[in-house]
Amino acid sequence: MLGVAETEQLPVTQARVGEPAAWDALFRRYQLPIYVYVFELAHDEQASLDIVQETFIVAVKHIGGLRDDGKFGSWLFGIAHQKCLLLWRKKSGKEILLDEIPDAPDEGIESPDDFLIRHEQEAEFMSLLNELPLPQRSVLLLHFVEDFSLEEIARITETQIGTVKSRLHYAKKSLRKLLEVKNENTP
């Protein structure tokens with residue numbers, strides 16, 4: 001899958017002054033990674049396409065508020081993340097309690113990459129991932145699929161870094177349990 005590291009030179013400064021070619025380059029760079037991320041959270045193709053479009057509309061309107069051009073990618077993913085939360089709230093009629101999982105150390109936990117290599121193919125992993133609560137699924141996707149740092153994920157999800165670590169810890173733990181149940185039920 002595509003990752004969106006913040007190290008490449010992007011035409012953010014030109015986009016800030018309204019250059020269409022710069023926005024076109026940014027759209028081409030981020031449309032697919034954002035779509036993949038949103039689709040894995042929303043599971044709805046049309047809603048995912050709409051959120052990608054809405055994300056760029058908001059970005060165009062509010063790029064003046066971006067303080068560090070080098071963080072454009074995480075800022076853009078943050079907008080998409082908030083749009084996903086709104087969609088989820090609308091569909092479920094529930095409020096998300098973002099801080100309900102306590103902080104916990106993440107030492108001694110095997111990485112999802114090792115987990116996948118040893119136990120399942122990517123399709124099976126994604127199936128299990130879909131069973132996790134949205135906040136846990138989101139941090140796993142941002143960290144291991146999109147390759148954002150824990151600090152960037154905290155900015156994107158507008159949570160404390162301890163909460164990100166905790167969600168990552170519990171998401172990995174939940175994935176292990178789901179895999180154990182799946183293996184027990186497989187003849």
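Is helix H7 mostly covered or mostly uncovered? Select residues 134-145 and see: 10 of the 12 residues of H7 are buried, where buried means under 20% relative accessible area with a 1.4 Å probe, protein chains only. Among the buried ones are Leu134, Pro135, Arg137 and Val145. Helices here are DSSP runs of H or I, at least four residues long, numbered from the N terminus.

Before moving on, some ground rules: this is a predicted model, where local features need pLDDT of at least 70, side-chain atom pairs count only at pLDDT 80 or more, and totals for chains, interfaces and linings use all residues. Residues are numbered from 1 along each chain as its sequence is written, and side-chain values use heavy atoms, with hydrogens and water left out.

Stay on H7 and check its length: from first C-alpha to last, H7 reaches 15 Å, close to the 16 Å expected at 1.5 Å a residue (that is, 1.5 Å times one less than the number of residues).

Now colour by pLDDT, the predictor's confidence in each residue from 0 to 100. The protein's mean is 78, with 77% of its residues at 70 or more. Select residues 95-120: pLDDT stays under 50 there. Do likewise for residues 1-7, where pLDDT also stays under 50. Where pLDDT is low, the predicted coordinates should not be read in detail.

Notes
Helices (H or I, at least four residues) and strands (E, at least two) are DSSP runs, numbered from the N terminus. Buried means under 20% relative accessible area, exposed over 50%, partly exposed in between (1.4 Å probe, protein chains only). Contact means heavy atoms within 4.5 Å.
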